[in-house]
Structures are given as C-alpha cells and as structure tokens.
Amino acid sequence: MKLLNISGSPHVHSDESTRKIMWQVNLALVPALLVATAFFGVNALLVSLISVASCVLFQWLIEKFILKVPSTVCDGSAVVTGLLLAFNVPATASMLWIVVIGALVAIGIGKMAFGGLGKNPFNPALVGRVFLLISFPVQMTTWPKVGGIFPTKLLTDADSGATPLALFKEGELGDATLLDAFLGHIGGSMGEISAIAILIGAIYLLCRKIITWHIPVSFICTALVFSGILWLVDPKQYMDPLMTICTGGIMLGACFMATDMVTSPMSKGGQLIFGCGCGLLTIIIRNWGAYPEGVSFAILLMNAVTPLINRWCKPRRFAK
C-alpha cells in the first residue's frame, strides 16, 4: 500500500513566494534609503552596506556550519533585516563596527536560534536594535545633525545633535517643524527621518497586497489619539500629536516592522488589536519611560502576546 504524504494547511496556492515578498519589501525601503543618503551622505551607504552584508554572512554561516541546512540567503529576508537594522541606528562613523554586532544578534539570536524565517517570534531587526540600545546607549543615542544635501565627509559623533523627541524629553523641542519631520530635515535614525519616504514605501506594499492597512492604521491612529488627549490636557508637557507620529520611529515601525507577517497576528481583528497595543505602548514609553523612543519596545512586547491574540481571534470555521 502506497502512503500519501499531505502537507499542512493552507492548501490554497498563489504565485507569491517568500522570495518575491521579501524583495518587494526591500524595494519599498529604497525611498527611505535614498532620503537617508541625501541627508547623511556616505555614512548612510556605509552603515547600510555593512549591516546588510553582515546579516547575509551570518545567516549563511549559521545555516552551513551550525544548522547544516540549504542556504536561504537568496530569499531576501536577511537583506530586509539588514536594512531595517541600519534604519534603526544613527548614521555616524562609530556605528560601523557596532552594527556588525547588532547583525549577529539579529540573525543569530532573533532569527536562526528559533529555526529561521517563519519560526521567529520576535522581529529580528528590533531584537538587534534593542540589544545595541542597551549595550551601547551612548553611541545609539548620538544622532548626526542633518546638514546640506549629499554630504561627502564621514560624519562622526562631533557632528551630532539631539532629536526632536530627545529635546522635548529635556523640556525644549528646538526649532524642528512638522514640515521638517515630514520631509526628513531632522536628526534621528537613518530610516525614521522622513515620514513621506516611509509612506511611499508603505503605499507600494499596500498596492501590491504585501501588507494590509489594519496594523499601520490602528498603530498610527492609536498613537495619534492618545498623544492628542495628552496634548489637550497639557500642551506644554506633551508633544503635538501630528509631530508625535512624524518624529521618531512610529511611521517606520508601523509600516515596516509591526507588519512583519511572521511576528504579527493572522486575523484582521487580531491585527487591529496588535496595532492598537503598539500605538498605546509607544506613547506610554515615550512619555513616562526612561527612553524618549518606545516603538521598538512596544512592537517586541506585542510580538510576545501575538500567540495569545491568535488564540483569542480565531477565524470562523468554514460551513459553521
């Protein structure tokens, strides 16, 4: 008798593949990379190149010599992790060697320790970013100043300045405007300085149906409403809600990291809960936490409760 092996569900086939999805995400990150290169020059390219190369190399080494499985570096997932990790660090010369450590943690601990793509419970790039923030707090909070277009010199810590979030945390916002935050003329991590560049990439992913609107919209709207309530209570103590969502990592986190299909809920209702939780935790950490930014911690915390959300928001069975 010949036995037939049946794979697990779902059994619906599509022309989409992991490789196609990952490379489309990489393409969607290009606008943010171009803006970072325009304002940070060679630093943005060096940090991104080192981060991506390190992630690809570490994944290949772990798969070949530790897990001893066929290499999957061509699927583009390691490149996504490398770009997102680069987008979450300052574009200063001191980060060139630190980002290699972050790549090792992101790939080795955040991803491959759980078996690789599709099995990791936490977003690998955020695991690397939080590890670097805790291990190298000075370097990770030393932000390069945005100067002219396409600077050619290698930016160092001497060229640093505070971000609008850090300035507000200290009691003064500085001269940054909402237009600066929208276009990218503010200090901060490479990938979070321009809201419009992130939105262009997010719209592309939405049009290609790589992501849905549920997590980004619920994340941003929750942060907008909660920060707006605080601002109405005391506008001198709390930041303007529009400035809140356009500065820091809210846009990048909502559109590119919270939407990670591996670490976010499967159902639409679960995604709405997930996004609301991320937005609420972000504003809480920003206003009452030790760090001026809370996006990374918020997403990782919600990653941890994703299995519970999936159990609570089970889809209805067919024919029931």
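Which residues line the largest cavity? Keep in mind that this is a predicted model. The lining is made up of N88, R129, E192, G249, L252, M257, E293, V295 and S296. Two helices, α13 and α15 (residues 295-312), are the elements that each give two or more residues to this lining. Sorted by class, the lining has three nonpolar, three polar and three charged residues.

Now follow α13, which spans residues 250-257, to its partner. Two packed helices are described by the angle between their axes and the distance between the axes. Helix α11 (residues 214-233) and α13 have axes that come within 8 Å and cross at roughly 155°. An angle over 145° counts as roughly antiparallel, so α11 is roughly antiparallel to α13. The crossing is right-handed. On the α11 side, I215, P216, F219, I220 and A223 make the contact, while α13 brings I250, M251, G253 and A254. These residues divide into eight nonpolar, one polar and no charged.

Helix α13 also turns up at the second largest pocket, where α1 (18-28), α4 (77-87) and α13 each give two or more residues to the lining. This pocket has a volume of about 450 Å³. It is lined by 23 residues, and the closest to its centre are M22, L117, D260, M261 and V262. The lining as a whole divides into 14 nonpolar, seven polar and two charged residues.

Note on methods
Residues are numbered from 1 along each chain as its sequence is written. This is a predicted model: local features need pLDDT of at least 70, side-chain atom pairs count only at pLDDT 80 or more; totals for chains, interfaces and linings use all residues. Side-chain values use heavy atoms; hydrogens and water are left out. Axes are lines fitted to C-alpha atoms, for helices over the stretch in contact, and angles run from 0 to 180 degrees between N-to-C directions. Helices (H or I, at least four residues) and strands (E, at least two) are DSSP runs, numbered from the N terminus. Angles under 35 degrees count as roughly parallel, over 145 as roughly antiparallel, 65 to 115 as roughly perpendicular and the rest as oblique. A crossing is left-handed if the near helix is turned anticlockwise from the far one by less than a right angle, and right-handed if clockwise. Contact means heavy atoms within 4.5 Å. Ala, Val, Leu, Ile, Met, Phe, Trp, Tyr, Cys and Pro count as nonpolar, Asp, Glu, Lys and Arg as charged, and the others, Gly among them, as polar. On a 1 Å grid over the protein atoms alone, a cavity is a set of points where a 1.4 Å probe fits but cannot get out, and a pocket is an open set with protein on both sides within 12 Å along at least five of seven lines; lining residues have an atom within 4 Å of a point. Grid points are joined across faces, edges and corners, and a volume is the space filled by probe spheres set on the points.
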